[in-house]
Amino acid sequence: MGTPAVLPLDGLLHVFSFLEAPDLLRAAQVDKVWNEAAECAFLWRRLSLSRWTFCNISQASKGAQTWKQYYLHRSQLEHQMALGRPSQDFTCKAISGHEGKIDGMAYLSAIEQRFDGQEKSVVCTVSADCTVRAWNVQEGTQIWSSSVQPAPLRRLLTVPEHRLVITMDGRGTIKVWDGQTGKEQATFITPSTWCNLVLCGVPENPFLTVAITEGVLYTLTVPCLKEVSQVTAFQNCHIDLLLCSPDKNWILVGSTETPDVLVKVFHTDSLTRRSEDKPLSNSLPVGECRNASWAPREAARLIVLHEDRTTRNLSVTTFDIASKQSKNKVEILAQQVASFILPESSRTPHILESHGSDVILLGCGSGLTIFSITGNLLASFQDHHQMITSIWVV
């Protein structure tokens with residue numbers, strides 16, 4: 001009888017790529033060869049990325065960390081939270097100090113997994129009491145507070161890579177704050193009492209794009225808030241859709257309150273560079289827009305909830321956005337990937353979010369409905385007693 005054939009390492013990796021974590025752990029105990037294959041970073045990276053959209057392993061602590069450690073530690077954290085045993089598996093701290101309603105909250109610290117026991121998460125909040133504050137989440141203590149501002153603070157953005165906090169108040173004044181000390185760094189005053197804010201550009205060189213009620217877009221440097229460009233996106237139109245793509249190359253601009261206004265996509269390079277040329281933009285071929293979302297796992301995949309121009313039915317259309325260079329001209333291309341008409345049971349969605357590359361989540365009153373971008377109904381939930389006001393996908 002001959003010696004049994006032994007799979008080479010590449011063959012084992014291929015077979016093991018079909019296994020889940022418990023099976024991989026068991027396979028590692030068979031022998032030295034199987035252990036080597038089951039410890040391969042490729043396998044644990046695949047498991048992590050298939051389970052969680054964001055895996056910030058590159059920002060981890062200096063201690064030893066592998067994809068296997070990352071997967072097992074994060075899985076354990078989720079399991080402990082599901083068991084719901086406060087004081088043993090997680091802590092709950094009440095944060096008190098604001099004297100008015102909190103209107104915004106954002107992480108100032110990077111969202112990451114650390115395994116050295118030195119976890120420190122910092123969040124910032126803005127309030128109707130006219131202050132912005134930073135908090136140590138683990139201790140539930142205030143780190144710093146700004147002075148009382150002339151008007152209540154309505155919007156909040158953070159730039160964790162630069163430890164910066166950006167706020168907008170009820171008079172349209174935008175300010176940048178040092179995230180470590182709370183010291184005011186820069187101010188920009190808009191001519192409007194209402195603004196929408198979005199960060200664009202690469203992390204090393206961020207910009208802030210501001211949409212005001214009159215339909216104008218300002219693009220400002222960060223942290224100095226120096227004006228780079230000013231563009232009229234729409235004439236006297238309230239812009240309530242202002243979203244930057246995951247690759248930071250595109251900004252969606254739209255209005256859900258003005259039926260005749262088309263949804264536009266701007267190339268961020270044309271907004272963040274000082275030029276006399278008209279910024280590069282294109283209108284999407286959809287009817288009245290109700291909502292939109294960028295697919296987080298794609299560079300520039302846009303999902304739009306809108307009325308069909310012909311039938312007036314409520315539809316969801318997905319586009320891949322790209323640019324095309326032809327001679328001396330650059331064009332924005334919006335290639336339709338999929339489209340479907342919402343069924344009657346989901347005709348009044350007020351919230352739209354997306355997950356991965358091809359999953360759509362719709363909040364319809366107190367119900368949550370999940371579709372694929374081609375219109376396949378994946379799941380439906382009726383667990384809320386009141387209207388869903390926000391959806392967070394992790």
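Reader: In this predicted model, is Thr173 buried or exposed, and what is its relative accessible area?

Author: Thr173 is found in strand β7. The contacts of Thr173, leaving out residues up to four places away in sequence, are Thr167, Met168, Thr187, Phe188 and Ile189. Buried means under 20% relative accessible area. Thr173 therefore counts as buried, its relative accessible area being 14%.

Reader: Where does Thr209 lie, and what is its relative accessibility?

Author: Thr209 belongs to strand β10. Beyond four places in sequence, Thr209 touches several residues, among them Asn196, Leu197, Tyr218, Leu242 and Ile251. Thr209 counts as buried because its relative accessibility is 0%.

Reader: What distance separates the C-alpha atoms of Thr209 and Leu220?

Author: Thr209 and Leu220 are 11 residues apart along the chain. The separation of their C-alpha atoms is 6.3 Å.

Reader: Which residues of the largest nonpolar core touch the most other members?

Author: This core holds 20 residues. A second, separate core has 18 residues, including Ala211, Val228, Phe234 and Leu271. In the largest core, the members that touch the most others are Ile166, Ile174, Leu197, Leu208, Val210 and Leu225.

Reader: Which residues is Leu208 in contact with, leaving aside its neighbours within four places in sequence?

Author: Leu208 is one of the residues that touch the most other members of the largest nonpolar core. With those sequence neighbours set aside, the partners of Leu208 are Leu157, Ile166, Ile174, Leu197, Val198, Leu199, Tyr218, Thr219, Leu220, Val222 and Leu225.

Reader: What is omega for the peptide bond that joins Val222 and Pro223?

Author: Pro223 is placed in the loop between β11 and β12 (227-232). Most peptide bonds are trans. The bond joining Val222 and Pro223 is cis, with omega at about 15 degrees.

Reader: What phi does Cys130 have, and what phi does Arg163 have?

Author: Most residues other than glycine have a negative phi. Cys130 lies in the loop between β2 (122-127) and β3 (132-136) and is buried, with a relative accessible area of 13%. Arg163 lies in the loop between β5 and β6 and is partly exposed, with a relative accessible area of 34%. Neither is a glycine, yet phi is positive in each: about 70 degrees for Cys130 and about 55 degrees for Arg163.

Reader: Which helices are included in what covers the buried residues of α1?

Author: Helix α1 spans residues 9-16, and its buried residues are Gly11, Leu12, Leu13 and Phe16. The cover over these buried residues includes α2 (21-27), α3 (32-38) and α4 (41-51).

Reader: How do the residues of the lining of the second largest pocket divide into nonpolar, polar and charged?

Author: The space in this pocket is about 260 Å³. Its lining consists of His267, Asp269, Ser270, Arg273, Ser275, Asp277, Lys278, Pro279, Leu280 and Val330. By class, the lining residues are 3 nonpolar, 3 polar and 4 charged.

Reader: What percentage of the residues in the protein chain is buried?

Author: The secondary structure of the chain comprises 6 helices and 24 strands. Among contacts with a separation of 6 or more, 40% are between residues 24 or more positions apart. The accessible surface is about 21,300 Å², and carbon and sulfur atoms account for 50% of it. Of the 394 residues, the buried share is 45%.

How values were computed:
Residues numbered from 1 in each chain as written. Predicted model: local features only at pLDDT ≥ 70, side-chain atom pairs only at ≥ 80, totals over all residues. Heavy atoms only, no water. Core = buried A, V, L, I, M, F, W, Y, C linked by side-chain atoms within 4.5 Å. Buried < 20%, exposed > 50% of the residue type's maximum accessible area, 1.4 Å probe, protein only. Contact = heavy atoms within 4.5 Å. Helix = DSSP H or I, 4+ residues; strand = E, 2+ residues; numbered from the N terminus. Areas by Shrake-Rupley, 256 points an atom, 1.4 Å probe, with all protein chains shown as cover. 1 Å grid on protein atoms, 1.4 Å probe; cavity = no way out; pocket = protein on both sides within 12 Å on 5 of 7 lines; lining within 4 Å. Points joined across faces, edges and corners; volume = space filled by probe spheres on them. Nonpolar A, V, L, I, M, F, W, Y, C, P; charged D, E, K, R; others polar.
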